[in-house]
Amino acid sequence: MQYFDHAASTCLYPEVLDFLRKSLNEDYANPNSLHLLGANLFKTIESERAYFLKTLNANQNDLFIFTSSATESNNTVIRGFDFHEGDVILYSKADHASITVPIENIAKEKNLILKIIKINKNGNIDLEEFEKLLDKNVKMVLLSQVNNQSGVASDISLIAKIIKDKSDAHVHVDAVQAYSKINCDMSANIDSASITSHKIGGPKGIAGLFLKKNHHIKPLLLGGGQEGGFRASTQPHSLIVAFAKASRISFSKSNDAYRRNQEIVENLKASLIKIAPSIKFPFNNTSPYILTFILPAIPSDVLLRHLEVKEFYLSSTSACSSKQKGFNPTLAALNIPEVFHKNVVRLSFNQDTSIDSVNLLQKAFAEVWKDLEFLTTK
Amino acid sequence: MYNNLVISVDELWLKGRNQHLYLKTAINHINSILKKYHPSKFTLKILSQRILYTSSTPFSEDIFQALKKVPGLSSISPCKIIQRSEGQDLENIYNEILKEVDFLQTTSKTFRATVKKNDKSILLTSTEISREIGHRVLTTYPLSKVDIKNPELIIDVRIMDNVVSISSRVIKGLGGLPWGTTGSAVTMLSGGFDSPVASYMLMKRGIKQSFVFFYAYPFVGQEVLEKIKALATTLGKYQKQSHLYIVPFGNIQNLIAKNCKEEYRTMFFRRFMIEVTNLLCDRINADTIITGDSVGQVSSQTVGNLFLIDKSSRRLIMRPLIAFNKQEVLDLGKKIGTYAISILPHDDACSLFSSKNPIIKPNNEYWNNWESGPELIHEINSAINNAEIYSINLKGELYKKDHFSFDT
C-alpha cells in the first residue's frame with residue numbers, strides 16, 4: 001500500500017502510538033483534580049503548552065489553547081470575535097471550509113462586509129490588489145499559510161506586516177498544512193493561528209489555537225474554567241502529550257524532509273510530463289508536501305480508482321469537499337477553469353515519504369495512463 | 001383491531017383448470033408474509049375465490065402494507081367476525097357495525113352498506129337490512145352521508161350460518177398473477193429510473209425475478225452500489241425471495257472500448273451485458289431477461305438497435321416500458337418508491353465512454369464480425385463467477401452470500 005494523501009490525514013508515528021497505548025491506560029485521572037495524579041498530568045499539559053508556544057516562536061505570555069480540531073480553532077476565532085455591523089473582513093474562498101463557512105455565516109448574521117482576497121493564476125495572493133483592500137474598517141483578515149488544495153505557501157509574516165501597516169485588523173492564520181513542515185513564525189503581527197495533530201503524525205481529536213495576549217476573542221465553550229477559562233472541557237491529557245510528541249518528531253525530521261520532498265516534487269513533475277504530456281501544474285510557490293495537477297480528459301476520480309486498485313491512495317480535491325460533484329468553489333477561487341474541476345489530482349506527502357515509494361507511484365501512474373489514454377483522444 | 005383478513009385473488013376466473021395452482025401459489029406467498037410478520041399462529045379457510053385468515057391476535061398495519069405488494073391479490077379486507085346469538089341477533093349486528101365505524105363520529109365520510117346473507121331464517125331481506133344499517137349510521141353519526149354510487153366507505157356485512165363478518169375497509173391489492181406463475185427472469189438494473197419500473201410491471205404479471213447490476217468499477221465509484229441495493233430491496237418486497245448479482249464490468253468495458261470503434265461502444269457494452277445476463281440465466285435457470293428500454297429514448301434504443309441487441313440474446317428480452325413516455329415512468333417510479341432512489345446522483349461509466357455521435361445504423365458486417373479477442377471472452381466467461389451475490393427476503397432485508405462456486 002502506498003499512501004499519498006497525507007494532507008488529508010497522515011499515519012501515527014509508532015512512538016506516538018506506543019505512548020498512547022500506555023498513557024490511555026495509565027493516565028486516566030482528571031488533570032484538574034487536586035490529588036497528585038491529577039496535578040502531575042496538569043503539569044505535563046502546561047509544559048507542553050509552553051513547548052507549542054516555543055515552536056511557533058511566540059511569546060510565553062501568549063496563549064495556546066488545546067481544542068478538538070483545527071475546525072474548532074478556526075470557528076473559535078471567527079465566532080468569538082466581537083464584530084459590529086459594517087465591519088470589513090478579508091478572506092479567500094480558496095481556503096478550507098472551516099474558515100469560509102463560519103465567516104460567511106456570521107457575515108449574514110451581523111451584516112458584515114466580506115471582501116475577497118484575489119488570487120492570481122498561479123494560486124498566489126495578488127499583493128498589489130490585496131493592499132488596496134486594506135483600511136481602518138478592516139477588522140479581520142483570514143489567511144492560510146499553505147493552501148490545502150493548491151499547496152501554495154504564502155509569506156504570512158510579510159502579509160501580516162502589510163496588514164498591520166494599514167489597519168488594526170485581527171490577523172488569523174490557518175497553519176494546519178504548514179506547522180512543523182515549513183517555518184511558522186508567529187512572533188510578530190499575527191493574532192491567532194490554528195494547527196492540528198493528525199496532519200503531523202499525531203492522533204485525531206486534538207488541535208491547537210495560538211492566541212496573542214490581549215486578544216478580543218470570547219470563548220465558545222463555557223463550563224469548568226479549563227484552559228484558563230478559554231475552553232471548558234476536561235483536557236485530554238494523553239492526546240495533548242501525543243500531539244506534542246508527534247510535533248517533536250516532525251520538527252526533528254523537518255529539514256531533511258523539506259529537501260527530500262522538494263527533490264521528489266521536481267522529479268515527479270518531470271516524469272509525469274513525460275508520461276502524460278497534457279498534464280498541467282497550475283500552481284507555483286508551493287509547499288513541497290503538496291503537488292496538485294490537472295489531467296485533462298480523464299476524470300480524477302476515475303484515475304484515483306484505477307490507482308486504488310493497485311493500492312495507491314491519492315486525493316482528487318480536499319477530502320472534506322470531495323463528495324461534491326462538478327463545480328467546485330475552492331478550485332474556482334484558485335482560478336482553475338470549471339471544465340477542469342473534475343480533473344484535479346492532489347498528491348500529498350509526509351516527512352517519511354521515500355523516493356522509492358514515489359518511484360512506484362510513477363510506475364503505477366504510467367501503467368494506468370497507458371490503460372486509459374484512449375479516453376483522452378475524444 | 002382485526003383478527004380476520006379476507007383476501008381475494010385476481011384474474012382467477014380466467015384460469016380454468018390451472019386455478020388450483022394459482023390459488024396455491026398466492027396462498028404460499030401470503031403465508032410466508034404472515035409467518036414473517038405475524039407473531040401468532042393463524043388458520044386459513046378457502047371460501048370459493050376468497051381466502052379467510054383468522055388468528056388469535058390482530059393483524060397489523062405492516063401486514064396490510066406487505067400484502068399490498070403481493071402479486072395476484074385483488075383485495076385485502078381486514079374484518080371483524082362475530083358469533084351469532086339467538087334472539088338479539090340483528091340488534092347485536094347493528095351495534096357491532098356502529099362500533100366498527102365509530103371514526104365517523106369525528107370524520108365526515110360518504111358511505112354505503114352492502115349486506116349478503118344466506119340464512120333464510122332472517123325474515124328481513126338483504127336490502128332491508130342494509131337500509132336499516134344506513135339509517136342507524138346516519139342517526140348515530142350526523143357527519144356521515146349516504147352515497148350509493150360512489151361512497152368513500154363501504155360497510156360490508158356477510159351473514160353466514162354461525163357467524164357474521166363486518167368490514168369497513170377494502171385495501172386494493174396489486175392485482176395480476178401470483179409470483180412465479182408466469183416464469184422467471186433476470187432483470188437488468190442500472191440505477192436509473194426505468195429498470196426498476198420495468199421490474200415492477202412484470203412483478204405484477206407473476207414473473208419471478210433476480211436482479212443483475214453491471215458494476216464498472218474502477219470507472220465508477222462504490223456509491224452506486226448502495227443505490228442498487230436500495231432499489232433491489234425496494235423491489236424485493238414484491239417477491240417471496242430475491243437475489244441481486246453485482247457483476248464486475250469495468251475491465252470488460254475497458255477491453256470493449258479499446259478494441260471497437262468509438263461510436264459502437266455503447267452498443268457493444270449492451271451486447272455483452274446481454275451475453276453475461278444470458279450466462280447468468282443459464283446458471284440460475286431463468287427463462288427471460290427484463291430491461292427498462294423504451295423505444296427511441298437514447299440512440300441505442302432505436303428500433304434497429306434494439307433488434308440487433310435482440311439477435312445477440314438466446315432468450316426473449318422483455319421490455320415492458322417500450323411504449324412508455326418518460327413522465328409515465330417517473331410517475332410510476334414515484335408510486336412504487338423507486339423514484340426517490342433513482343434520482344440520487346451517481347457516476348455513470350457510459351457517459352465517460354460514450355461518443356458524441358453514437359451509431360444509429362450499425363454496419364451489419366462490422367457488428368457481426370467484430371472480434372472480441374480471447375481476453376474479452378475469458379473476462380465474459382468468468383464475470384459471473386466473480387459476481388457479488390446478495391439475497392433479499394420479503395421484508396426487503398439484504399444478506400451477503402458466497403460467490404458462485406467455480407465448478408460449472
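Axes here are lines fitted to C-alpha atoms, for helices over the stretch in contact, and angles run from 0 to 180 degrees between N-to-C directions. Welcome to the structure, which is a predicted model.

**Domains of chain A**

- Chain A is divided into domain 1, made of 2-6 + 253-377, and domain 2, which covers 14-248.
- The centres of these two domains of chain A, taken over C-alpha atoms, are separated by 28 Å.
- Where they touch, 22 residues of domain 1 of chain A are in contact with 22 residues of domain 2 of chain A.
- On the domain 1 side of this contact in chain A, β9 (290-294) and α9 (329-333) each supply at least two residues.
- Of these, α9(A) gives the most to that side, with 4 residues.
- The side of domain 1 of chain A that touches domain 2 of chain A divides into 10 nonpolar, 11 polar and 1 charged residues.

**Helix pairs in chain A**

- To return to the opening pair, the crossing of α1(A) and α7(A) is right-handed.
- From α1(A), Glu15(A), Val16(A), Phe19(A), Leu20(A), Ser23(A) and Leu24(A) meet Ser238(A), Val241(A), Ala242(A), Lys245(A), Ala246(A) and Ile249(A) in α7(A).
- The residues of this contact between α1(A) and α7(A) divide into 8 nonpolar, 2 polar and 2 charged.
- Helix α7 (residues 237-275) of chain A also packs with helix α10 (residues 355-372) of chain A, at an angle of about 15 degrees and with axes 11 Å apart.
- α7(A) and α10(A) are therefore roughly parallel to each other, and their crossing is right-handed.
- On the α7(A) side the contact is made by Ile264(A), Leu268(A), Ser271(A), Leu272(A) and Ile275(A), while α10(A) brings Ile355(A), Val358(A), Gln362(A), Phe365(A), Ala366(A) and Trp369(A).
- The contact of α7(A) with α10(A) has 9 nonpolar and 2 polar residues, and no charged ones.
- Helix α3 (residues 70-80) of chain A and helix α4 (residues 97-110) of chain A have axes that come within 9 Å and cross at roughly 25 degrees.
- That makes α3(A) roughly parallel to α4(A), and this crossing is right-handed.
- Here Ala70(A), Thr71(A), Asn74(A), Asn75(A), Ile78(A) and Arg79(A) in α3(A) meet Ser98(A), Ile99(A), Pro102(A), Ile103(A) and Ile106(A) in α4(A).
- The residues of the contact of α3(A) with α4(A) divide into 6 nonpolar, 4 polar and 1 charged.

**The sheet of chain A**

- In chain A, 7 strands form an open sheet in the order β2-β8-β7-β6-β5-β3-β4, and the pairing is mixed.
- At its edges are β2 (63-67) and β4 (113-116) of chain A, each of which pairs on one side only.
- From one strand to the next, the twist averages 20 degrees.
- Strand β6 (residues 170-174) of chain A and strand β7 (residues 192-196) of chain A run parallel and are joined by 3 bridges.
- Val173(A) has Ala193(A) in β7(A) as its bridge partner.
- Helix α4(A) lies across β3 (88-91), β4, β5 (138-144) and β6 of chain A, running at about 160 degrees to β3(A).

**Chain B: domains and sheet**

- Chain B is divided into domain 1 (1-83 + 172-179), domain 2 (85-161) and domain 3 (183-401).
- Between the centres of domain 2 and domain 3 of chain B, taken over C-alpha atoms, there are 53 Å.
- An open sheet of 7 strands in chain B has mixed pairing and the order β14-β13-β10-β11-β12-β15-β16.
- β14 (317-318) and β16 (398-401) of chain B stand at the edges with a single partner strand each, so one side of each is left without a neighbour in the sheet.
- Strand β12 (residues 241-248) of chain B pairs with strand β15 (residues 388-393) of chain B in the antiparallel sense over 6 bridges.
- Ser242(B) stands opposite Ile392(B) in β15(B).

**Where the chains touch**

- 9 residues of chain B are in contact with 11 residues of chain A.
- Helix α7 (residues 250-259) of chain B gives the most to the chain B side, with 3 residues.
- The side of chain B that touches chain A divides into 6 nonpolar, 2 polar and 1 charged residues.

Notes
Residues are numbered from 1 along each chain as its sequence is written. Chains are lettered from A and ligands numbered from 1 in the order in which they are written. This is a predicted model: local features need pLDDT of at least 70, side-chain atom pairs count only at pLDDT 80 or more; totals for chains, interfaces and linings use all residues. Angles under 35 degrees count as roughly parallel, over 145 as roughly antiparallel, 65 to 115 as roughly perpendicular and the rest as oblique. A crossing is left-handed if the near helix is turned anticlockwise from the far one by less than a right angle, and right-handed if clockwise. Two residues are in contact if their C-beta atoms, placed from the backbone, lie within 7 Å. Ala, Val, Leu, Ile, Met, Phe, Trp, Tyr, Cys and Pro count as nonpolar, Asp, Glu, Lys and Arg as charged, and the others, Gly among them, as polar. Domain bounds come from an automatic or database domain assignment. Two strands pair if DSSP finds at least two bridges between them.
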